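Good morning, colleagues. Please look at the sequence and the model on the screen.

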Amino acid sequence: MKQAALRPKSYTKKVALVLQGGGALGSYQAGVYEALASSDYKPDWVAGISIGAINAALIAGNSPETRVEKLREFWRAITTPTRWAVPISGLFNGAGLPFDLAKQISAMQALLLGQTNFFAPRKPADWWFGRTPTSYYDTNSLKSTLERLVDFDRINSREIRFSVGAVNVRTGNFVYFDNAEIEIRPEHVLASGALPPGFPSVEIDGEHYWDGGLVSNTPLQHVLEYYPRRSHLIFQVDLFPARGALPRDLNEVGERDKDIRYSSRTRAVTDTLRRQHDLRHSINMLWEKLPDDLRSGAETALLDEFRCVTTMDIVELIYRPEHALGQSKDYEFDRLTMETRWAQGLSDARETLMAAPWLEPMPPEVGARTFDVRAKGPIGDTSKDSLNKAAG
């Protein structure tokens, strides 16, 4: 196996790992972290939303030498061993059908029975006597899992920066729980992953919170705009690809719908923030050319406040499965599928680390740039343009 490009001493940017939501797809993020953990680009800051918040807690809440082990323990604890492919395989001639059927059964099991150590259907008594619960499942088992696998004292020691996003149910405002500002508890992680109507809101200090993905599925903005700013290399792990093949049935329509809805938010946020940081950088270059009498004028006060000298490298790592997975892919917790996603995250991250396009000199007029080493067109698209890899 080829080694990742060595990090030169001249490249001094802090490293941030940004993890979005996506349920069962989150094992891809764990594979990405495994690659980073053995490279010269170990994260100084992990920020997450939903399943990304859980993975971030497992990283920040454990010692560097045990983080991958704890991630693996979590993902094995919440996934279901494949039981269906072997006994069913003799009933069908099509080699691919048994595995597809196993995935469907795994997804149905999650809906009907929940996932051990993660979530469970509400008890029948919760629906009796005219009661109407605010969620279909409860997440008490996830709280116990977090308390067992995550050292919250370590998170609060600020050995590594930790941030998770959630939405205030009452006000609709997006908030970040950041160990640079507050003491982090299991409830903050649970709140970031409390996606309605599946999961209940989480009460923290008298307010109730839902999954941050309701507003933004990526915490990139928090990392880029937190003041005082400093230059960062940001690995943003997306679990929904923007591009894909034309759906052939309703199941693929459901999958494509999710991909577009979630990836479009991430793309919009990333593109806007990149352009905004370019503008900050340009304003700073203009500021340096202004005479002193103009710098002190009231009309330039906003320019002074907005300008910035930091530069940002944003590296996109996007989960792009080779084949359609269906609309249930984010709640299909089959063990084999989880391990396959983990392996792809590890492989994709290693390929990206070997390419290391961020080591190319940054043009002086650029404040932020993005890279997608593994960019490609939709499945089946072999046009020349689709095969060109995007960088910057």
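Against which helices do the buried residues of H6 pack? Before I answer, please note that this is a predicted model. The buried residues of H6 pack against H2, H3, helix H7, residues 152-156, and helix H8, residues 186-192.

Let me take H6 itself, which spans residues 140-149. Its buried residues are Leu 142, Thr 145, Leu 146 and Leu 149. Viewed down the axis of H6, these buried residues fall within an arc of 100 degrees, so they line one face of the helix.

I turn now to H3 and H6. Their axes come within 11 Å and cross at roughly 155 degrees. Because angles over 145 degrees count as roughly antiparallel, H3 is roughly antiparallel to H6. The crossing of this pair is right-handed. On the H3 side, Lys 70, Glu 73, Phe 74 and Ala 77 take part, and they meet Leu 142, Thr 145, Arg 148 and Leu 149 of H6. By class, this contact of H3 with H6 comprises four nonpolar, one polar and three charged residues.

The remaining pair is H2, residues 51-60, and H3, residues 67-78. They pack at an angle of about 140 degrees, with their axes 8 Å apart, and are therefore oblique to each other. H2 passes H3 in a right-handed crossing. H2 contributes Ile 51, Ile 54, Asn 55, Leu 58 and Ile 59 to the contact, while H3 contributes Arg 67, Lys 70, Leu 71, Phe 74 and Trp 75. This contact of H2 with H3 has seven nonpolar, one polar and two charged residues.

Terms used
Residues are numbered from 1 along each chain as its sequence is written. This is a predicted model: local features need pLDDT of at least 70, side-chain atom pairs count only at pLDDT 80 or more; totals for chains, interfaces and linings use all residues. Side-chain values use heavy atoms; hydrogens and water are left out. Axes are lines fitted to C-alpha atoms, for helices over the stretch in contact, and angles run from 0 to 180 degrees between N-to-C directions. Helices (H or I, at least four residues) and strands (E, at least two) are DSSP runs, numbered from the N terminus. Angles under 35 degrees count as roughly parallel, over 145 as roughly antiparallel, 65 to 115 as roughly perpendicular and the rest as oblique. A crossing is left-handed if the near helix is turned anticlockwise from the far one by less than a right angle, and right-handed if clockwise. Contact means heavy atoms within 4.5 Å. Ala, Val, Leu, Ile, Met, Phe, Trp, Tyr, Cys and Pro count as nonpolar, Asp, Glu, Lys and Arg as charged, and the others, Gly among them, as polar. Buried means under 20% relative accessible area, exposed over 50%, partly exposed in between (1.4 Å probe, protein chains only). The arc is that of the directions from the helix axis to the C-beta atoms.
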